[in-house]
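Hello,

Here is the structure I promised to pass on to you. Have a look at it first, and then read my notes below.

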Amino acid sequence: MSNDDDMLEAFDLSAWEAPPPPADLADGVIDRMGATDEGTDVGLAAVALDHHRAPRRGWIIAGAAAATFVLAIGVWTLIRATHHAAPSTGSVVADQARTLALETVHANLDPGADVRWRRDGDVLRVEQRAGSVTWRVDSDQQLVIDAGAASASVEATGANLRVEVQMNATDAKVIGGAALTAAAVAIVTVVVYEGHVKVGKASQQTVVVAPGSTYKVNAVDDTASVVGAGLTRSKKVAILGLETGGVPNGHVPVVAQALSSAMRAVAANEGPYTLAPVTRELVDEKLLANCATEAPQCMSAIGANLGADLLVYGHLELGKRDYTTRLVLLDVAKKTIERTQETVWPIAGTERDMIDWWGRRFYLDLIGVPSCDADALKDEGMQQINAGQHAAALTKFEQSLACKDDSYVRQLAFMESCASANPPRAKQHYKRLTPVQQGKFRQMCIRNKVELEDPPVASAAIDCPGVDEVSCVLSNYEGDCCKKYLKSASKPDGLTRAQISEAIAKVKPQIMKCKTPSDDKVVVRVEVKPSGDVTSVTMTTSADAELSKCVRSILAGAKFPATKIGGSFSYPFVFSGATAPAQCDADALKEEGMQNINMGQHAAALTKFEKSLACKEDPYVTQLAFMEACASRNSAKAQLYYKRMTPTQQSKFSQMCERENVAYLPGEGYLQVFSKPAAKILVDGRDTGMTTPITGQQLALVPGKHKITFVVGDDHFTYPVQIKAGETLTMSKDLQ
Amino acid sequence: MQAAARARSSEPFDEVTLRRAQRGDQRAWRDLIDRFQQPVHALIWRLLAGRARHRVEDLTQETFVRVLRALPKFDPAGTASLSTWILTIATRMTLNELRRPESAGLDRELISEARADVDAERKRLGEAIAAGVAALPDAQRAVLVLREYHDLDYAEIAAVLELDAGTVKSRLSRARAALRAHLTEAMPELGGRK
């Protein structure tokens, strides 16, 4: 297999001999089989539930609750078993028109149709050698047709279609001999009446044939073409990265990015549209297009700029327990919203495999293509249980629940959370059980030593996922989840320098608009009450009367953080006179910055926006400067422009830095990382380009929770960390 | 690798007997257990590597109970052979067992008592291998045992453990290197032999 195979050649590994199995092993197994419902699948679930019990004493002693549950599974599996009771293989050459009923697949054969079939689980594999057949397949089945001696492969689910395999007589004459059968079956025509049908050809990409379309494959000249309307992969769809909102949390932009990528991956391979190769973000595009809202008119301009016929965009918001995704499908040319979709989904769904699944579901549902089959997913989960793969089973049951909520599947999900020793999921699914179910099934977790109750100190984290002290500071302690932090957040004695700077930064743009006939410097003395309100504003330097009045009135309305004793300070403002000659053109500089963005030159764009701002204060350009500070990974500038934005803007645009993992809050945190052996380090799934050891302040992170992944060869080891503002956290791992 | 170390027979299980077993025929069940009990028992014994030794028999029984109950759904034409499918179930059950806190203790009975008559050097080597394998992390041990003692290829191991093939390769390489280092130190006289 590899050179490694020789590594232990010098040692006779057979010297480590295992003892033989006990002589009565088969008797013991067969006794146990006889102790339950032999010959049925009932015990599959029983094994899954009870695999840690001592064998001989415990097999039949499951309580009434477990028995009920097991019986339910048994009934279900029996139903599934009988569901596929038809012969699994067969063949027919129709000498006259006839109908075939292959369980949930129905076929109407024209005279001359030559068909062979084999059932492979829920997949019916058909070889259609010749003739024409109209197929109907239910949504819980997959029909795979190898048409015309491998000329084309047709995959259908929940569809109604006709497949015609025609012999090309001319070619048959020319080719002759042994190759006749394969080569003479030259033309395969697929007509789709309804449903989801993919057609593949050996040398070409698989295409999705939309309902109402006809697709023809010519095996001899190796061409494929659309006949008739409806093959719609010509329309181009652009998917903008989701904008984030809700409870501030460092993970949300990461989830949004992963979800957007997942939707793009699906769009590239499935559905009727071609994916436009753009990976732009909604929040950026709106800012660049100066779209104050997401009105179709403005969003269509964004779509047109991206060269898309259809634009998918939307928002991801973190709530207390769930995420909410709101998506829009926009027809760019018509400037109309074709479809909207709002989905609330559990935080537990943010594991990588579930994100991909959700991304697929969101996109396909939005464009109107059925994306999931709850029963099939449940069935797959049951099969995973049988193979002892509890984590995989849990994933399937969660996907099934996301597709269709079902009390029984909730129980299964809970059971597999316990069996796979996954306390967070177990707790989550436990909460969704009825009190009666909880009483009945909690033993499943107890048996696997999975705690369902949290110690009191941790309970807040369960009730308020994603909420920590940092996020509460950012949200001004909004909501019940932040109350406990509010109590502990003691007021400082007096105003700090940072608090003064922050509060002044909020009113400075207004103050700088105060008119003065000539260049002027004004120093003001401000007194602030403990409540944070301004008591008085005094000019400590002589200034133009109009200017003084303007500055005083604005500062009087400034708001500072509450403190125990309040405070006072002096602050200078430097003004350019109205008569001063214009040295710069703010708008031209802004435009140059926009051009830099289009070329991907973020640092240059930032410089231009800064020059524009120096020329003329403009909140819009401040936002652009912040965006480009994030994009160019300039943490210092990001912090500067973050401070200059309003709280609403801050909350809206902070994701720009979060997704780049650029610290934008004053007091970023640092992570020192050591490992043995040296490892490549990813933060929240993104490569930092750094390898351990990482010391000092090399790795600055946004305060909050992060996932740190150590990559050693092909192995990935991931650990959660909580970064606190202004603190350096050190983690050291032995990965050998 | 030494041919003698292969616990897995390459002969496929008789198809007719398999069908009978799938229909619930007890004689066929017994044939199936007889055919696979040695590799399953050995696999579980080695994966536990001295931990929870008292569970080896229970786990072996439970593996076969599961196998027999799931057998009607086993597809002989599917991707996994019958033996790999059975070893998958045994491996999964054993790894689940190893995750339990009460399985953490080492019984120190690392080599089989049944082989007390073997020559001293071979016994010493057996002990050294047992200690070296027991010292490996569970994930590496599973890959090593499936490869070296059950002759599964990378793809089969990847399927059994739900890993990608690259991870299997790196784990196997690391496990072999660690075991080699251990054995070279424990039995320096064998370390240089080729």
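A salt bridge here is a side-chain nitrogen of Lys or Arg within 4 Å of a carboxyl oxygen of Asp or Glu. Please keep in mind that this is a predicted model, in which local features need pLDDT of at least 70 and side-chain atom pairs count only at pLDDT 80 or more, while totals for chains, interfaces and linings use all residues. Residues are numbered from 1 along each chain as its sequence is written, chains are lettered from A and ligands numbered from 1 in the order in which they are written, and side-chain values use heavy atoms, with hydrogens and water left out.

Let's start with the charged pairs. Side chains of opposite charge can pair when their charged atoms come close. Over all chains, the count comes to 27 salt bridges. In one of them, R122(B) pairs with E17(A), and their closest N and O atoms are 3.5 Å apart. R122(B) lies in helix α5 (residues 120-134) of chain B and E17(A) in the segment before α1 (25-34) of chain A, so this pair joins two chains. Helices (H or I, at least four residues) and strands (E, at least two) are DSSP runs, numbered from the N terminus.

How accessible is R122(B)? R122(B) is partly exposed, with a relative accessible area of 22%, and E17(A) is partly exposed at 23%. (Buried means under 20% relative accessible area, exposed over 50%, and partly exposed in between, with a 1.4 Å probe and protein chains only.)

Two further salt bridges are in chain A. E164(A) meets R162(A) at 2.8 Å, N to O, and R162(A) counts as buried at 16% relative accessibility. E317(A) meets R326(A) at 3.5 Å, N to O; E317(A) is partly exposed at 30%, and R326(A) is partly exposed at 32%. Shared partners also join D12(A), E17(A) and R122(B) into one network of salt bridges.

Now for a sheet. In chain A, 3 strands form an open sheet in the order β19-β18-β20, with antiparallel pairing (two strands pair if DSSP finds at least two bridges between them). Strands β19 (534-539) and β20 (567-575) of chain A stand at the edges with a single partner strand each, so one side of each has no neighbour in the sheet. Strand β18 (residues 520-528) of chain A pairs with β19(A) over 5 bridges. Which residue of β19(A) is the bridge partner of R525(A)? That partner is T538(A).

Enjoy exploring!
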